[in-house]
Amino acid sequence: MNYKNTETMTVAEAAKLMRKNPCFVRQGLIDKRFGFGYAVKMAGKINERWNYYINRKKFYEETGIEPTEVEA
């Protein structure tokens, strides 16, 4: 299988595969409800922003979603 990045996936990719809104995935990562990734709060001068990490392999294992060769 060929992936553009074999280690990670974006929140948008995960949300599409889960058939959920990206906000659902972000909040789940913030609340530590998913074991396939995490959210990190980055302190800034004006705003505090969140960064997200999703491990592709753990995502497929935890969700039971089958990986496909072409993920759109």
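The following dialogue examines a predicted model of a protein.

Residues are numbered from 1 along each chain as its sequence is written, and side-chain values use heavy atoms, with hydrogens and water left out. Because the model is predicted, local features need pLDDT of at least 70 and side-chain atom pairs count only at pLDDT 80 or more, while totals for chains, interfaces and linings use all residues.

Trainee: Which pattern does the protein follow when read along the sequence?

Mentor: The secondary structure comes to 3 helices and 2 strands. Helices (H or I, at least four residues) and strands (E, at least two) are DSSP runs, numbered from the N terminus. Read along the sequence, the pattern is α-α-β-β-α.

Trainee: What percentage of the 72 residues count as buried?

Mentor: A residue is buried under 20% relative accessible area, exposed over 50%, and partly exposed in between (1.4 Å probe, protein chains only). Of the 72 residues of the protein, the share that counts as buried is 25%.

Trainee: Where do the buried residues of helix α2 lie, on one face or around the helix?

Mentor: Helix α2 covers residues 22-30, and Val 25, Gly 28 and Leu 29 are buried in it. Seen down the axis of α2, these buried residues fall within an arc of 100° (taken from the directions from the helix axis to the C-beta atoms). They therefore line one face of the helix.

Trainee: Which elements do the buried residues of α2 pack against?

Mentor: Packing here rests on contact, meaning heavy atoms within 4.5 Å. By that criterion, the buried residues of α2 pack against α1, β1 and β2 (48-54).

Trainee: Which residue caps the N-terminal end of α2?

Mentor: The cap places a side-chain oxygen 2.8 Å from the backbone nitrogen of Cys 23. The residue that supplies this oxygen is Asn 21.

Trainee: How many residues apart are Glu 13 and Arg 56, whose side chains meet in a salt bridge?

Mentor: A salt bridge is a side-chain nitrogen of Lys or Arg within 4 Å of a carboxyl oxygen of Asp or Glu. The side chains of Glu 13 and Arg 56 meet in such a bridge (3.5 Å, N to O).

Trainee: Is Glu 13 buried or exposed?

Mentor: Glu 13 is found in helix α1 (residues 11-18). Because its relative accessibility is 15%, Glu 13 counts as buried.

Trainee: Which residue meets Lys 41 in a salt bridge?

Mentor: Lys 41 has its place in strand β1, and with a relative accessible area of 46% it is partly exposed. Not counting residues up to four places away in sequence, Lys 41 touches Glu 48, Arg 49 and Trp 50. Side chains of opposite charge can pair when their charged atoms come close. In the salt bridge of Lys 41 (3.1 Å, N to O), the partner is Glu 48.

Trainee: What is the accessible area of the nonpolar surface patch formed by Tyr 38, Val 40 and Met 42?

Mentor: Patches are made of residues with over 30% relative accessible area and no salt bridge; like charges are joined within 9 Å and nonpolar side chains (Val, Leu, Ile, Met, Phe, Trp, Tyr) within 5 Å. Met 42, in strand β1 (residues 37-43), counts as partly exposed because its relative accessibility is 40%. Accessible areas come from the Shrake-Rupley method with a 1.4 Å probe, and for residues only the protein chains shown count as cover. Together, Tyr 38, Val 40 and Met 42 have an accessible area of about 270 Å².

Key:
A polar contact is a pair of N or O atoms within 3.5 Å; within protein, one must be able to donate a hydrogen and the other to accept it, and residues adjacent in sequence count only if both atoms are side-chain atoms.
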